[in-house]
Structure formats: structure tokens, C-alpha cells
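The structure comes next, and my notes follow.

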Amino acid sequence: SDAAPVVRMLCWPGYDDAEVLAAFSRATGARVEATLIGANDEIFTFLRAGGIGRYDIVTPHNGVVRALAEAGLLQPVALEKIPNTVDLFPRFQAPEWVRSADQVWGVPFLWGTSPMVYNVDHFPEPPDSWNIVTSRSVRRKVAMTEDGLGHLILWNTVAGFADPTRVTLAQLNATTEKLIAIKRDQAVAFVPSVKELAAVIASGKAWVSTIGWESAPALAPANGDRVRITHPAPGDYSFCDNLCIPADAPHVDLAHALIDHFLAPESQAMLMSRLLRGTVSRAAVPLLSDTARGLYDY
């Protein structure tokens, strides 16, 4: 096994699922090693700090794929080497966020949204506005996740800015001050993951969250049906993580093979049933667990 090629992946936790990667290793003879990230900007950092020529796969958010490509940190993907793209939903067939300069720089992998999580004991009816988290009625009853980018996009939206991903410095500062005030005056918990979020909402220590995941009610810490999600006005945002190949990746053919493996219906069903995210593959939907399939209106 020491002589086996090593495919290195820079990815979010859970994307390195041992069972899914073991099936790839059996099929190709290659080992997969994962370096885990906690924020999209870390992809730029790792690649610029010696990662070019080391990593074969990265998993950026849809909002940064083109920026990575334009910075010279990615290479185009060859869709003809990824046959499982034929089963992708039309929305994920070379979408605009992976295209730049007449090239395709990545393939969608999974998706989701960022709803509010709340405790039904304290909100018999789902909150209808994000501004509830700024009210005195939930002072020291708000849970926040460690999602800086998501919070900025969401609260730029709440502020009514035309494009929440492109704002002026004054608008950015206004949103930042708003979030600092929420954290300082309203938050009782600042948590790193959806599991901790579900637990603190279920316990009643926090009644409502800023940003959450659809999976929160389905997790064990949710404690039955006390934890629910909602999409308050003026809405939250969706995201799609993608599979991309860094510039000068040492194993380009194996990188394409691993992308294809991740998009196979069986792999998608296994991963999304565990991660509780949305699948990009039409063929995977019938294979999903009932819980994972019920999260989204496929």
C-alpha cells in the first residue's frame, strides 16, 4: 500500500467519508488523504502556501469557484472524464458559478440552505422574520454558528441591499455592527456545528438561531420534535459546494475519477443520507434515506 498513489483532498468535514473513499480505493488502487477546512478562504490559503502541486481536489462554495480560477489556483475540468455528470439535475449541469473564460472549473457536489432553527416550546408558530433575533423577547436566547460569510450574506439581505454578495464598504460596516450587536447583546451560545446548535436549541438554553442547517431537527441532540426549522422573511440563502481540481494537481486522471465516484448515485445517496444535504444527482434520490429525501422537495 505504500506504493499506491495518494490523492490528496482539501475538503469540509464529512466529505472524506471512509466508506465512500474505501470503495474508490478498491476500484483504483489509490489512497485518498483529506485535509479538513473550516472556511472557504482557507482554500486560497492552503493552495497559495505550497498547496499547488500537492492537492488533487478542493471543495469550494459556489461563490468562490470563479475567484479561485481567476487567481490561477484551479485548472479546468474535463467533463468527458466525468460520465456521472449525465445524471445531474439540470440546475447543476455546468452552472454559471463554475464557468469563466469559456471554461468549466468544477462540478457541483452537494447543496443546501441556511434556515432559522427554533424551539417549538417557545415558538408554537414559526418566526416569520429574521428580525426576531434582535428583539428584547429573545435577549440572551439566541444561538449563533461560526459562519462569518453566511451571516454577512444573510444580514445584508435583511438590510435590503440589492445584491447581498456585493456591497459598499459602508454597507458592509453596517452589517458587521449589526452582527456584533447580536452576538454581544442577544446571543447565549456561539457554536461550531449544527450538532451543537441542535443541542442548545433543544435544551431551551437558546430559543432561536441566526443561521442553521436543514438537518438540525433530524439529529439526535434535537431531542424529538422540539427543534424545528423555518425560512423567515425576507428569506435565507442557498449554497452549493463543488469539486474542483487545483492547478498542477499531481494526479489529474485520478482527480477526475474521484469526482466521478463522488457523483455516482450510490456515493451521493450514502453521503447525503449521512450529511443530510441535498443531492445533485437525480438518480440518487430514490436511494436516499427517508430522512434525507424528506429534507428537500425533489
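**Entry 1: a loop with positive phi**

I began in the loop between strand E5 (99-100) and strand E6 (103-104), where alanine 101 is found. This is a predicted model, and I read every value below with that in mind. Alanine 101 has a phi near 55°, a positive value in a residue other than glycine, and at a relative accessible area of 65% alanine 101 is exposed. Aspartate 102 has its place in the loop between E5 and E6 as well, and its phi, near 60°, is likewise positive in a residue other than glycine. With 82% relative accessibility, aspartate 102 counts as exposed. I noted both because most residues other than glycine have a negative phi.

**Entry 2: the three-stranded sheet**

I then traced an open sheet of three strands, whose order is E2-E1-E3 and whose pairing is parallel. Strand E2 (31-36) and strand E3 (57-58) stand at the edges with a single partner strand each, so one side of each has no neighbour in the sheet. Strand E1 (residues 6-11) runs parallel to E2 and is joined to E2 by six bridges, and I found cysteine 11 opposite leucine 36 in E2. Helix H1 (residues 18-28) packs on this sheet, where H1 touches E1 and E2, and its direction makes about 145° with that of E2. Helix H7 (residues 252-263) packs on the sheet too, touching E1, E2 and E3, with a direction at about 55° to that of E1.

**Entry 3: the nonpolar core**

Which residues touch the most other members of the largest nonpolar core? Of its 90 residues, they are Leu258 and Phe262. Not counting residues up to four places away in sequence, I listed the contacts of phenylalanine 262 as Met9, Tyr15, Val20, Leu21, Phe109, Leu243, Ser267, Gln268 and Leu271.

**Entry 4: aromatic pairs and charges over rings**

I counted nine aromatic pairs. In one of them, the rings of tyrosine 15 and phenylalanine 109 have centres 5.1 Å apart and planes at 85°, so I recorded the pair as edge-to-face. Tyrosine 15 lies in the loop between E1 and H1, and phenylalanine 109 in strand E7 (residues 107-113), so this pair ties together parts that are 94 residues apart in sequence. Both partners are buried, tyrosine 15 with a relative accessible area of 7% and phenylalanine 109 at 0% relative accessibility.

The rings of tryptophan 111 and tyrosine 298 also form an edge-to-face pair, with centres 6.4 Å apart and planes at 80°. This pair links distant parts of the chain, 187 residues apart, since tryptophan 111 is in strand E7 and tyrosine 298 is in the segment after helix H9 (290-294). Tyrosine 298 is partly exposed, with a relative accessible area of 32%.

For charges I found lysine 183 over the face of phenylalanine 190, at 4.2 Å from the ring centre, and arginine 277 over the face of tryptophan 213, at 3.9 Å from the ring centre.

E8 is antiparallel to strand E12 (residues 227-230), with four bridges joining the two. Which residue in E12 is the bridge partner of tyrosine 118? I found that it is arginine 228.

In the loop between E12 and strand E13 (238-243) I came to proline 234. The peptide bond from alanine 233 to proline 234 is cis, with omega near 0°, and I marked it because most peptide bonds are trans.

How values were computed: Residues are numbered from 1 along each chain as its sequence is written. This is a predicted model: local features need pLDDT of at least 70, side-chain atom pairs count only at pLDDT 80 or more; totals for chains, interfaces and linings use all residues. Side-chain values use heavy atoms; hydrogens and water are left out. Two strands pair if DSSP finds at least two bridges between them. A nonpolar core is a set of buried Ala, Val, Leu, Ile, Met, Phe, Trp, Tyr and Cys residues joined through side-chain atoms within 4.5 Å. Buried means under 20% relative accessible area, exposed over 50%, partly exposed in between (1.4 Å probe, protein chains only). Contact means heavy atoms within 4.5 Å. Axes are lines fitted to C-alpha atoms, for helices over the stretch in contact, and angles run from 0 to 180 degrees between N-to-C directions. Rings of Phe, Tyr and Trp (its six-membered ring) pair if their centres lie within 6.5 Å; planes under 30 degrees apart count as stacked, over 60 as edge-to-face and the rest as tilted. A charge sits over a ring if NZ of Lys or CZ of Arg is within 6 Å of the ring centre and within 35 degrees of the ring normal.
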